[in-house]
Amino acid sequence: MKKILVVFVSAIFMMGCSSDDPVTTLPEPDIIDNPDPDPEPEPDPEVANSVRLVNDATFGNVMTDSEGFTLYFFAKDSKGDSTCENGCLAAWPAFHSEELTLDDGLEASDFASITRADGSSQTTYKGWPLYLFASDSAAGQITGDGSGGVWFVAKPDYSVMVAKAQLVGRDSSGDETNLNSDFEPGDEETTYITDASGNTLYSFINDKKNVNNFTADDFSNNGVWPIVDISISNVPSILELSDFGALTVFGESQISYKGWPLYYFGQDAARGDNFGVGFPAAGIWPTVNPDTENAPEAEASATLYTVTNQGASAYVFNGEGLTDASNPDFTFKRGETYEFQVNTPGHPFFIKSAQTTGTDNTFDEGVTDNGASSGSIIFTVPNDAPDTLFYICEFHFSMTGTINITD
C-alpha cells in the first residue's frame with residue numbers, strides 16, 4: 001500500500017513539470033536611471049524692471065513702476081527738487097528705485113536720484129521727480145493726468161514740458177524782481193512752457209506770426225537769445241500740438257508757439273531759471289502758456305535792399321532791380337514798406353526831407369531806426385509823405401540819393 005502511494009505522488013510531480021504546462025513569469029522590476037549628479041537649476045521667475053515702458057491707447061508710451069502703476073511729473077518741480085510734501089505726498093507718493101533697471105527704450109543717463117527735504121530718496125527723469133498716484137487703484141490706470149493743471153503722466157518722449165513757478169526777472173542792471181503772470185511786480189505762481197529738461201522758453205513782443213525780428217543774419221546776437229530748435233512730437237495734455245510750428249531763420253530752424261518764435265535766454269544758467277522775463281525790462285520777452293494770445297500777422301512783406309558802402313564816396317545797393325548800384329535814385333509808393341538792411345560802419349544812413357549832412361532835417365514818420373549804420377531801417381511811406389525825400393550819410397555829402405514818392 002505504501003508503494004502505491006509513493007508511485008502516485010511521483011506521478012503527480014512529473015505531471016506538474018511537463019513542458020506543456022504554462023510557466024508563471026514574475027514581472028521584471030522597473031529600471032531606474034541614475035539621477036544627474038549636477039541637475040540644471042530651475043530658472044528664476046522673470047522679474048519686471050523697476051521702470052517699465054508701457055504703450056497706452058490714449059497717451060502712447062508711458063512710464064510705470066515694476067507692477068505697472070503709472071508714474072507722473074509735477075509742474076511745480078521746475079528746479080528739479082520735489083515740492084510735493086505732507087498732504088500732497090499722501091496723494092502723490094514719491095517713487096524711488098534703489099537698483100534701477102529699465103525697459104528697452106529708456107536711457108539710464110536720463111535718470112538720477114535726489115534727496116528730499118525729509119531725507120528720503122526719489123528717482124528723477126530728465127530732472128523731473130517721479131511720483132505715483134494713490135487714486136490709481138489698478139495697474140495701467142492713468143487717472144491723475146492733468147490734475148490741477150500741474151500733474152502729467154510721465155512720458156519719455158515729451159518735446160516740451162509745463163512748469164508752474166514764481167517768475168523772477170532780471171533787468172539789464174542785474175537787479176532781480178518777482179513778477180506775476182502779467183509781468184508786473186508781484187508774487188504769483190505762473191504757468192509757462194519749458195523744453196523737456198525744464199529750460200524756460202520765451203517769445204519776443206516785436207515778433208510777428210512766424211517772423212523772427214530779433215536774430216541777426218550772422219547770428220551775432222544768438223548768444224543773448226538763442227533760437228529754440230526742437231522737434232515737436234509729443235506735448236503735455238494741457239497743450240495743443242497744433243499750436244506749435246516752425247520757421248526758418250537765415251537757414252536755421254526755429255520752433256514757434258501760437259505763431260510766436262521761441263527763444264532761450266543766455267543768462268538762464270540752470271533749469272527753472274526764468275530771468276529773461278525781466279530783461280532788459282519786464283514784459284519785452286514774455287514766457288508762453290495756453291493763455292498766450294496768437295502772434296499778430298506780419299504786415300505785407302517789405303521790398304528789401306541791402307546797403308553797404310564804397311569808402312566814403314557812395315552807398316552801394318543790392319535788391320529789387322539793383323545790383324551793386326552806387327547812390328541810385330528810388331521811386332517809392334505811399335502806403336508800401338521798404339527795408340534797408342544796412343552794414344555801413346561809420347556811415348549812418350538817414351532818410352531826410354532835405355539833402356543835408358548832420359542830424360537835422362530827418363524824416364522820421366514811418367521810419368524805424370533812422371540813422372543806423374548796422375541793422376534794419378524800415379520805411380513805411382505815409383500817405384501824406386512829401387513828393388521828394390533823400391537818403392544821405394550823416395558825415396559825407398557824396399553818399400546820397402533821391403527818393404521820389406508817388407501814389
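**Exercise 1. Is tyrosine 158 buried or exposed, and which ring does it pair with?**

Start with accessibility: tyrosine 158 has a relative accessible area of 7%. Buried means under 20% relative accessible area, exposed over 50%, and partly exposed in between (1.4 Å probe, protein chains only). So tyrosine 158 counts as buried. A word on the source: this is a predicted model, where local features need pLDDT of at least 70, side-chain atom pairs count only at pLDDT 80 or more, and totals for chains, interfaces and linings use all residues. Residues are numbered from 1 along each chain as its sequence is written, and side-chain values use heavy atoms, with hydrogens and water left out.

Next, look for the partner. Rings of Phe, Tyr and Trp (its six-membered ring) pair if their centres lie within 6.5 Å; planes under 30 degrees apart count as stacked, over 60 as edge-to-face and the rest as tilted. Tyrosine 72 and tryptophan 92 make an edge-to-face pair, at 5.3 Å centre to centre and 80° between the planes. Both tyrosine 72 and tryptophan 92 are buried. Phenylalanine 73 is the partner we want: with tyrosine 158 it forms a tilted pair, 6.2 Å centre to centre and 55° between the planes. Phenylalanine 73 sits in strand S3 and tyrosine 158 in the loop between S7 and S8, 85 residues apart. Strands (E, at least two residues) and helices (H or I, at least four) are DSSP runs, numbered from the N terminus. Phenylalanine 73 is buried too, at 2%.

**Exercise 2. Find the disulfide and work out its handedness.**

First, the cut-off: a disulfide is a pair of cysteine sulfur atoms within 2.5 Å. Searching the whole structure turns up one. Cysteine 84 and cysteine 88 are joined, S to S 1.9 Å. Finally, check the two ends: cysteine 84 is buried at 0% relative accessibility, while cysteine 88 is partly exposed at 24%.

**Exercise 3. Which residues does tryptophan 151 touch?**

Contact means heavy atoms within 4.5 Å. Leaving out residues up to four places away in sequence, the list for tryptophan 151 includes Tyr72, Phe73, Trp92 and both Cys84 and Cys88.

**Exercise 4. Over which ring does the charged end of arginine 170 sit?**

A charge sits over a ring if NZ of Lys or CZ of Arg is within 6 Å of the ring centre and within 35 degrees of the ring normal. For arginine 170, the ring belongs to phenylalanine 275, 3.7 Å from its centre.
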